[in-house]
Amino acid sequence: MFKQWCTLCKSTLFLLFNFAISSLAIVPTTPPLPILPLPAFSQLKWQQREIIMFFHFGVNTFSNSEWGTGKENPAIFNPVGLDANQWVNTAVEAGVSLMILTAKHHDGFCLWPSKYTDHSVKSSPWKNGEGDVVQEFVNAAKARGVDVGIYLSPWDRHDKRYGNDLQYNEYYLAQLQELLNHYGGVREIWFDGAKGTNAPNISYYFSDWFYMVKELQSSINIFSDAGPDVRWVGNEKGFAGSTCWSTVNRTSLSIGNASIENLLNTGDPRGTDWVPPECDVSIRPGWFWHKSESPKNLSQLLEIYYNSVGRNCLLLLNVPPNTTGLISDTDVHRLKEFRSAIDTIFSTNLAEKSIVKASSQRGGKVGGFGPENVLDSDHIWTYWAPRDVDVKDPWIEIRGTSEGLRFNVVRIQEAIGLGQRIKRHEIYVDGKMVANGTTVGYKRLHRLDVGIVHGQVVRIRIRESKALPLISSIGLHLDPFWQPNGQ
């Protein structure tokens, strides 16, 4: 009996030991620690939009101006064919999910019937003074599931309170409350420091405005030279710096300060705040519609795309309605061309069926951080991570089939949900370097200067990184519109 009991005990201990070992074996490897600062949920969603749209519209549309004087007679505003549904349809067909309207530009004319001024649509002949452009804009967007944003210019060349700090800031806050209380959810609000050299001296209470915005709509993103959620890229060309960090120290920024434009363009790798850049540019030479102007051609728009979205930024493309109140046919056509071109280039990942290898992977083959993650559909939360000890020169490579790989664009994306890390990288095709760069961020696009290449192995080397590099997606694409060196 004693021997049987001992045998039973040994069997039980053996089973328990094996269970313990097997349990340890299936414990998943934990993700690496994040590198602060990190994006907020609203910032991540904003970044993934990639392209949003601006609508500059108002009395300047009818006076053929860019900066109105503030003395315009509201009677000139009469867009008899205004159709906000056409604006939204144009945006949707262009792949846009967020539209920003100039509710008030520098001339002070309000596109909604503000109770704090008569210088608005209620004093115009449009709809006998009963119209509300903001409401029509919001209604049309809501019907198509498109989000809206608002631009309320701080500089007001019409209102007599401008120049008196207290009175004007009270007026501005009152209008801010009207817009954020009465028109539903707003996903982005735009502030800038634009002001003429002869404008009266005045202090804007930006901190008060920002606190009020967040109180009224907590999930909104605030844009300005100093964030707090989105920063200006530092120019109106739609180009970010070839090095572009989403991080910056907000204490180094101030609104309307021309001396910080380079910092806005590149960001700061040591930045303590996550304030990603937005590239604003107009489809036409001007921001408002002018009969004498035409939209940029397709090659110009693609150049802007590669230098904004392709450099870790979001592209804010302005498309101004005309005096009828519609997006002009030429602009609609160009936007369709632009969207079609982007789809043609990026809808197919030529690396999709390739074999992916890496210098190492966190947790080994069952750790969940293998190189195969760079070819799935999740560009944020699944990623390749090398081992902690492999930080000096990690690499990942795409191996083509017997037919090889033929492409002229390389796309790299970081898992920015855990911070921006990569400081320098290089791309090789069959051992020959074809491109190199610094930051990656949400998305980095390399349109190859050598044109189309045909090879078997594409290797990306991370030469320098703030911490363990985490690559969420890699793509090889063919851009038929890119023809360097007369190809």
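Over residues 74–337 the chain is 29% helix and 14% strand, and the end C-alpha atoms are 36 Å apart. Helices (H or I, at least four residues) and strands (E, at least two) are DSSP runs, numbered from the N terminus. This is a predicted model: local features need pLDDT of at least 70, side-chain atom pairs count only at pLDDT 80 or more, and totals for chains, interfaces and linings use all residues. Residues are numbered from 1 along each chain as its sequence is written, and side-chain values use heavy atoms, without hydrogens or water.

Q: Which domain does UniProt list for residues 74–337?
A: The entry is unreviewed. UniProt annotations may be inferred rather than shown by experiment; positions follow the numbering used here and feature names are shortened.

Q: Which residues touch the most other members of the largest nonpolar core?
A: A nonpolar core is a set of buried Ala, Val, Leu, Ile, Met, Phe, Trp, Tyr and Cys residues joined through side-chain atoms within 4.5 Å. The largest holds 77 residues. Those touching the most other members are W87, V133, V134, L176, F191 and F338.

Q: Is A84 buried or exposed?
A: A84 lies in helix 4 (residues 84–93). Buried means under 20% relative accessible area, exposed over 50%, partly exposed in between (1.4 Å probe, protein chains only). The relative accessible area of A84 is 5%, so A84 is buried.

Q: Which residues is A84 in contact with, leaving aside its neighbours within four places in sequence?
A: Contact means heavy atoms within 4.5 Å. With those neighbours set aside, the partners of A84 are E136, F137 and A140.

Q: Which residues are closest to the centre of the largest pocket?
A: On a 1 Å grid over the protein atoms alone, a pocket is an open set of points with protein on both sides within 12 Å along at least five of seven lines; lining residues have an atom within 4 Å of a point. About 470 Å³ of space lies in the largest pocket. Of its 22 lining residues, the closest to the centre are D192, G193, A194, W232 and E236.

Q: Which residues lie nearest the centre of the second largest pocket?
A: This pocket has a volume of about 360 Å³, the space filled by probe spheres set on grid points joined across faces, edges and corners. Its lining has 16 residues. Nearest the centre are R311, L445, H446, R447 and D449.

Notes
On a 1 Å grid over the protein atoms alone, a cavity is a set of points where a 1.4 Å probe fits but cannot get out, and a pocket is an open set with protein on both sides within 12 Å along at least five of seven lines; lining residues have an atom within 4 Å of a point.
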